[in-house]
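Subject: Handover of a structure and its findings

Dear colleague,

Please find below the structure that I am passing on to you.

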Amino acid sequence: MLKSWLVRARQGHRTVPYPGPLPALPERLRGLPVLQPEKCRSGCAECVAACPTGALSSGPEGLRLDLGRCLFCGECEAACPDGAVRFTNDPRMAARRRDDLVLGGDGPRLAAALGDESRRLFGRSLRLRVVSAGGCNGCEVEVNVLNTIVFDLGRFGIQFVASPRHADGLLITGPVTRNMEHALRKTWEAVPGPRLVIAVGACAISGGPYAGHPEQLDGAAGVVPVDLFVPGCPPHPLGILDGLPRLLGRASST
């Protein structure tokens, strides 16, 4: 017993103090992109041509980047000769509306909290059923680590459960293949209402690299209504950990 106490004392407090100031993250982590369209040369669209998913566009309104389609591969940043596209290591990007994932020269529009009645229902205890709808397992790995001592999702009253009958909502990963469409719809119907849906990762938001393929449905929103979008390929666990408390009014709206 004494040895156990000594080990705990040496380990200290391992859970990240978040929400709050972001902990130190690796510089090479590709998080929230920053666009500086004023640096764009006239007629240059090298970053647009380099994007493998068409997340970047350039038109009369200037440079636009769709976080829901972005794979965070960094090809656009490498292709831009003037530094108009730059990735930071900030993982906070979750939004309530699909349109809010489209960046211009302004900053991100982070997720707002649910209404009062929904927060009364879900704010202190939220149970989610995870549905992997044809993903590569990258997002599922990042979701799994939320239960570790470092991120400790349970401290917000949020837990993953095995049955949709015991859940308040779904957390969906993957582009939703046609083979998973029926299973996803039936799982959603099995969750008692009112219910929430969280789409995690570029595939679940837009189809990601598989967008437009006839064997998948370009994300969860084509099958069920989505309440929270968490961009990334895959999202950093802190990006998910930021979005869920925001949805429940447990984090700052900025």
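The paragraphs below set out what was found, beginning with the chain as a whole.

Please bear in mind that this is a predicted model. The protein chain contains eight helices and 10 strands. Its radius of gyration is 19 Å, close to the 18 Å that the globule rule gives for 254 residues, so the chain is as compact as a globular protein of that length. Along the principal axes, the C-alpha trace spans about 65 × 45 × 35 Å. Of the 254 residues, 43% count as buried. Among contacts with a separation of 6 or more, 76% are between residues 24 or more positions apart.

Helix H8 deserves a paragraph of its own. The helix covers residues 237-247. How many of the residues of H8 are buried? The count is 11 of the 11, so H8 is largely enclosed by the rest of the structure. Among these buried residues are Pro 237, Leu 238, Gly 239 and Ile 240. The elements that cover them include helix H4 (116-122), helix H5 (138-144), strand S6 (126-132) and strand S7 (158-160). Strand S9 (196-200) and strand S10 (228-230) also belong to this cover. The side chain of Arg 246 forms a polar contact of 2.6 Å with the side chain of Asp 242. After H8 comes Gly 249, which has a positive phi, near 70 degrees.

Two further positions may be compared with the structure on your screen. The first topic is Val 102, which is located in strand S5 (residues 102-103). Is Val 102 buried or partly exposed? With a relative accessible area of 28%, Val 102 is partly exposed, because that class lies between 20% and 50%. Leaving out residues up to four places away in sequence, Val 102 touches Arg 64, Leu 65, Asp 66 and Arg 109. Its C-alpha atom is separated by 17 Å from that of Gly 239, which is 137 residues away along the chain.

The other position is Asp 90, in the loop between strand S4 (85-87) and S5. Asp 90 has a relative accessible area of 17% and is buried. Its side chain makes a polar contact of 2.9 Å with the side chain of Arg 92. Neighbours within four places in sequence aside, Asp 90 is in contact with Leu 22, Gly 31 and Leu 32.

Lastly, there are the spaces in the structure. The largest pocket holds about 220 Å³ of space. Its lining consists of 15 residues, and the closest to the centre are Leu 29, Arg 30, Pro 234, Pro 235 and His 236. By class, this lining has nine nonpolar, four polar and two charged residues.

The search of the whole structure also finds one cavity of 30 Å³ or more. The largest cavity has a volume of about 80 Å³.

With kind regards

How values were computed. Residues are numbered from 1 along each chain as its sequence is written. Side-chain values use heavy atoms; hydrogens and water are left out. Helices (H or I, at least four residues) and strands (E, at least two) are DSSP runs, numbered from the N terminus. Buried means under 20% relative accessible area, exposed over 50%, partly exposed in between (1.4 Å probe, protein chains only). Contact means heavy atoms within 4.5 Å. A polar contact is a pair of N or O atoms within 3.5 Å; within protein, one must be able to donate a hydrogen and the other to accept it, and residues adjacent in sequence count only if both atoms are side-chain atoms. On a 1 Å grid over the protein atoms alone, a cavity is a set of points where a 1.4 Å probe fits but cannot get out, and a pocket is an open set with protein on both sides within 12 Å along at least five of seven lines; lining residues have an atom within 4 Å of a point. Grid points are joined across faces, edges and corners, and a volume is the space filled by probe spheres set on the points. Ala, Val, Leu, Ile, Met, Phe, Trp, Tyr, Cys and Pro count as nonpolar, Asp, Glu, Lys and Arg as charged, and the others, Gly among them, as polar. The radius of gyration is taken over C-alpha atoms; the globule rule is 2.2 Å times the number of residues to the power 0.38.
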